[in-house]
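I opened the model to look up a metal site and a piece of sheet. My notes follow in the order in which I checked things.

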Amino acid sequence: MNFEIVNGKAAKIETGCLIVAVEANASLSPTATALDKTSKGYISDLIETGDITGKAGELVLLHKLPGVAARRVLLVGVGTSEERKDRHYRKLIKAVDATLSKSGISQVVFALDGLASASDDVYRQTRLLVEWVSTDFYQYDTTKSKKADAIKLEQISILLSDKDTELGESALLDGVAIANGVNTARELGNLPGNICTPSYLAERAIALAEEFDSIEVEILDEEAMGELGMNSLLSVGKGSAEPSRLIVIKYSGDDSGSDPHVLVGKGITFDTGGISLKPGAGMDEMKFDMCGAASVIGTAEAIAEMQLPINVVVIVAAAENMPSDRASKPGDVVTTMSGQTVEILNTDAEGRLVLCDALTYAKRFNPASVVDVATLTGACIIALGHHATGLMSNNEELADSLLQAGDYASDRAWPLPLWDDYQELLDSNFADIANIGGRSAGTITAGCFLSRFTKEYRWAHLDIAGVAWNSNGKEKGATGRCVPLLSQYLVNLVEAAE
Ligand code: BES
Ligand code: MN
Ligand code: ZN
């Protein structure tokens, strides 16, 4: 699939399909107006007969419009401009992509005017379009014997005015890079637990280092982690035949030696719950418990492709959580790398146990900021549903940058408090900290647990339990969230430094 920006008169563009917006009050976008004129009122005629209303979601495919060079014109109803939010733009692109994918058209031109959400940010509109089209055409077939049909759509052009071309071109490059990161994260998430093991994630990181000169990778095995005192992380993988790994990916984009921003991902390649075994129904979905890891690896790929002038260290804490005679038991106490002891009251609260040691390890990079990403708590789905990532932080400025990045990238997060009031829920009679805080405020107490290990730097925690994958039917699969948010956060940091 290849993207490009094109200019010129819409009516003269030769293409398989020209995609054009029509508003609900039947008011035509500038491009639609031009086509209407060239075709001697063909479109306004259809409006008059009621064949086109412009209501959101309407799709009308016209063939051989008189005087128009494009083979087809796809009119897209976009509703009224005040109701055009990101979610409408997203829905509409999805509908267009479904139509294109059925039709087998190989070449299309999107006339962006009037199509996107109501805002004049051409960079953003173009980038989101590129991201969404690229990710809509992702198909998982790695573990199917019958491979998916090749995608027929080859060339996607975006029609912009001359003055917007430069901006559009940079949006296009960034959009392709971020989409590739998203699709990598989805692929890793979708792979089953018997393939996507901690060692497999390590191999994928090594492959990234082979692809990009700006990336170096270091893999710590169980012995190396033992020497560092990562007993909490190691306790999680103890019951599994799959060895745990700490994966460290160093992206060097700024040679002035600035302190790196650190991203930490939860990489539980399968979460049975351990001895505190999960119920059987839907347990297959716990293969997605490494989606935090997938999103930080995907982000590393995206920023390397964008060649962002910034330094970033990605740390993945990878383990498989299994019950066995060697597994941790409820009541076991472990000493974390930080020296603090933890009572493991529930072996299913394993994410925080691997993250705490990775967060302690992060200190050695003298980080400018640390953001961890994890499918950490089912409670986050109860709090925020499947729309927003849960955000907790010890630094308001950092929290605001992440919220803002999420808004801009259409990959939103929402804040939850980390007040001291919640901390005592983690009191234990037998260790410094308990690994669970009871039934109430489960997402926050998980955040509080992590906060005990992040006092020495600016830190934020993203709980992606509700957004990392879809559970429903044909849509079942990893989403690649929050690669767009994280990539945008880093892009913004670069812009702020310039
Ligand atoms: N990976 C799960 C969280 C999860 C559950 C994400 C369902 C998405 C869907 C995590 O390791 C876990 O099991 N958390 C427990 C914590 C509890 C024992 C305090 C949970 O949320 O039930
Ligand atoms: Mn668990
Ligand atoms: Zn888990």
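This is a predicted model: local features need pLDDT of at least 70, side-chain atom pairs count only at pLDDT 80 or more; totals for chains, interfaces and linings use all residues.

Entry 1, the manganese site. I looked up what holds the manganese ion (ligand 2) and found Asp271 (OD), Asp348 (O), Asp348 (OD) and Glu350 (OE), at 2.1 to 2.2 Å. I read angles of 70 to 167° among the six donor atoms, and the site is classed as irregular. Along the chain, the donors of this manganese ion have the spacing D-x76-D-x1-E. I then placed two of them: aspartate 271 sits in strand β9 (residues 261-271), whereas aspartate 348 is in the loop between β12 (341-344) and α10 (351-362), 77 residues apart.

Are the two aspartates buried or exposed? Aspartate 271 has 2% relative accessibility and so counts as buried. Aspartate 348 has 21%, so I logged it as partly exposed; the cut-off for buried is under 20%.

I traced β12 into an open sheet of three strands, ordered β11-β12-β16 with mixed pairing. Its edge strands, β11 (332-335) and β16 (433-434), each pair on one side only. I counted two bridges between β12 and β16, which run parallel. For valine 342, I noted isoleucine 433 in β16 as the bridge partner.

Note on methods. Residues are numbered from 1 along each chain as its sequence is written. Chains are lettered from A and ligands numbered from 1 in the order in which they are written. Side-chain values use heavy atoms; hydrogens and water are left out. Donors are N, O and S atoms within 2.8 Å of the metal (3.2 Å for Na, K and Ca); water is not among the atoms, so sites may look incomplete. Four donors count as tetrahedral if all angles lie between 85 and 135 degrees; four count as square planar and six as octahedral if opposite donors are over 155 degrees apart and all others between 65 and 115; anything else is irregular. Helices (H or I, at least four residues) and strands (E, at least two) are DSSP runs, numbered from the N terminus. Buried means under 20% relative accessible area, exposed over 50%, partly exposed in between (1.4 Å probe, protein chains only). Two strands pair if DSSP finds at least two bridges between them.
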